Amino acid sequence: MIWLGALLVLTCLAAVSPVRCVPFAPSQLQVLLDFQQAWGRTFAGWVTGGNCSTATQVKCDAQGMLTSMDLHNQGLSGSIPSTISSMVSLTYLSFELNNLTGHLPPTMGSLTRLSYLNISDTKIMCPPDYSTCVVPQNASSAFCSMCTSFCATCAEAPATAPPSSAPPSSSPQMKLLLDFQQAWGRTFVGWVAGGNCSTAEYVECDAQGMVTSIFLEFQGLTGSIPSSISSMVSLTHLDLYGNDLSGSIPSGIANLLDLCYLSLGNNALTGSFPSSIASMSGLTYLDLRRNALTGSIPSTIANMSNLEYLNLGNNALTGFIPSTICSITSLTFLYLGYNALTGPIPSTISNMTNLTFLSLELNNLTGHLPATMGSLTRLSDLYISDTDITCPPKYSTCVVPQNTSSAFCLMCTFFCSTCSAAPPIAPPSFAPPSSAPPSSSPETPPSISTPTPPSPTTPSPPPPTSNPSQPTASPSQSGGGLSAGTIAGIAAAAGVAVLLLLLLLGLMVFKRCHIQGVEASGKSGTDA
């Protein structure tokens, strides 16, 4: 008992003891101060005389050396200061979900203890080949795992001295940037005659001084996109999202054969979807949402064979969804919502096996979701609200893998449960009796006048005795006898009646026993 009491006392003392202060090592504090200045942000505890026990977003060892820094989703903008290489004890580093740009400092190759590095959802890239090579032989840090090509190049030869400055932007390229400033009514640091990429903000260049990336989202730009942008032939990333740009999208943008990322969304652009853009087979990301684009989606969009992300939402696009779009099997994200598209969903949508997100909401689309969408097992988000699209009728061809949990089956539960109960079957060879012959078109699935399929807003299937989603009974099923559905309905009703009867009898027995108990108690009291 004595040792138990001592243990309790020690536990109480530990609970009330103050947190041990671990002051930052001077070199580490300077890095944090540099970061704050570069990003225009302050963090609690990142001050002269601060210590790790009270500082946010970081952790230190007993010597005050930074071991962990988690800065994800902090609204940071700018670049990563090169002094980050002083954080030699760092093992964990996250910059994800920020507006950071530029390159990872090549000196990060010296952070050999770094085992976790996350720069997803930023515009940070690996160092260019002409950067200073600071990578120890056989380095296996997270930096080298991410920037494999750069580190391999470094390992082949000893480190070389850095160039005296970043390669100057070539005269024609700088002339284009000056034209852009004039067209958009803005000036940017380094966009001057004789400037170079190391001092120019919001742009990146290659070793020859050719502009490869422009990041100008939410910069308050006005005016139009200059047609001269087609001369930036080395451009791979163009981001003008969230400005007030107007006019049409220059057709010459299709001359940018190296362009893989194009974001022009959330502006005031007008005109039709440029057919020239539809020929850009190198694009992997295209965002044109929240503009005022009109016309139809060109069938030539199938040429964008490497596209992974396509967002055309919140425009005024009309016409059918071209069936050719379904041949872009690399697409994982497709947003066509908030337009004025008409007609059915192409039946060939089942070819888009990598699709994870599909929005068609707030359009004038009609018909059924193609039953073959059951094969899209990766589809986790599906939006068809405010359209006239419904789930497939029960007698459609059944294409639903066993135990699937895709968004299609979560929406069309009744159809998928019917499919999973039996192997896929061919649709009936006959059409249900109807007052008018069924009509069809190349893009429209067969329509049936009677019976009418249930509305998508119906919370549950109708009673089995009059299910409107079932076709009229075939001749082999008619003839005066009860159908299987009717018999099942009667059996279910009888079962419910039996349960209610048993419950009523139970209540009567309970009440009778309770009354007898009360009477017996009263009699005992009287006898006493």
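The legends below describe close-up views of a predicted model.

**View 1**
Helix α5 covers residues 171-184, which makes 14 residues. From the first C-alpha to the last, α5 reaches 20 Å, close to the 20 Å expected at 1.5 Å a residue. Its buried residues are Q173, M174, L176, L177, F180, Q181 and W184. Seen down the axis of α5, these buried residues fall within an arc of 155°, so they line one face of the helix. An α-helix has 3.6 residues a turn, so residues three or four places apart point the same way. The face of α5 turned away from the buried side carries the exposed residues S171, P172 and Q182.

**View 1. What lies against helix α5, and what follows the helix.**
Just after α5 comes G185, with a positive phi of about 65°. Y202 is found in the loop between α5 and β8. Y202 also has a positive phi, about 70°, although it is not a glycine. Most residues other than glycine have a negative phi. With a relative accessible area of 30%, Y202 is partly exposed.

The side chains of K175 and D179 meet in a salt bridge, with 3.1 Å from N to O. K175 and D179 are four residues apart in helix α5, so about one helical turn separates them. Is this pair buried or partly exposed? K175 is partly exposed, with a relative accessible area of 47%. D179 counts as partly exposed too, at 25% relative accessibility.

D239 and K123 form a salt bridge through their side chains, at 3.4 Å from N to O. The pair links distant parts of the chain, 116 residues apart. D239 belongs to strand β11 (residues 237-239), and K123 belongs to strand β7 (residues 123-125). D239 is buried, with a relative accessible area of 3%. K123 has a relative accessible area of 17% and is buried as well, because buried means under 20%. Together with E217, these residues are linked in a network of salt bridges.

**View 2. The salt bridge of R289 and D287.**
R289 forms a salt bridge with D287, and the closest N and O atoms are 2.8 Å apart. R289 is partly exposed, with a relative accessible area of 23%. D287 counts as buried, at 0% relative accessibility. The count of salt bridges in the model comes to four.

Helix α2 (residues 26-39) has 14 residues, which should span 20 Å at 1.5 Å a residue. The end C-alpha atoms of α2 are 20 Å apart, which agrees. Which residues of α2 are buried? They are Q28, L29, V31, L32, D34, F35, Q36 and W39. What covers them includes β1 (58-60), β2 (66-70), β3 (77-78) and β5 (99-103). Just after α2, G40 takes a positive phi of about 65°.

**View 3. The loop that holds L97.**
L97 lies in the loop between β4 (92-94) and β5. The phi of L97 is near 60°, a positive value in a residue other than glycine. At 42% relative accessibility, L97 counts as partly exposed.

S141 is found in the loop between β7 and α3 (142-146). Is S141 buried or exposed? At 1% relative accessibility, S141 counts as buried. Leaving aside neighbours within four places in sequence, S141 is in contact with L111, T112 and L114. S141 and T91 are 50 residues apart in sequence, and their C-alpha atoms are 9.1 Å apart in space.

V498, L499, L501, L502, L504, L505 and M508 make a nonpolar surface patch of about 710 Å². One of these residues, V498, lies in helix α8 (residues 484-527). V498 is partly exposed, with a relative accessible area of 47%.

Methods
Residues are numbered from 1 along each chain as its sequence is written. This is a predicted model: local features need pLDDT of at least 70, side-chain atom pairs count only at pLDDT 80 or more; totals for chains, interfaces and linings use all residues. Side-chain values use heavy atoms; hydrogens and water are left out. Helices (H or I, at least four residues) and strands (E, at least two) are DSSP runs, numbered from the N terminus. The expected span of a helix is 1.5 Å times one less than its number of residues. Buried means under 20% relative accessible area, exposed over 50%, partly exposed in between (1.4 Å probe, protein chains only). The arc is that of the directions from the helix axis to the C-beta atoms. Contact means heavy atoms within 4.5 Å. Patches are made of residues with over 30% relative accessible area and no salt bridge: like charges are joined within 9 Å, nonpolar side chains (Val, Leu, Ile, Met, Phe, Trp, Tyr) within 5 Å. Accessible areas come from the Shrake-Rupley method with a 1.4 Å probe; for residues, only the protein chains shown count as cover.
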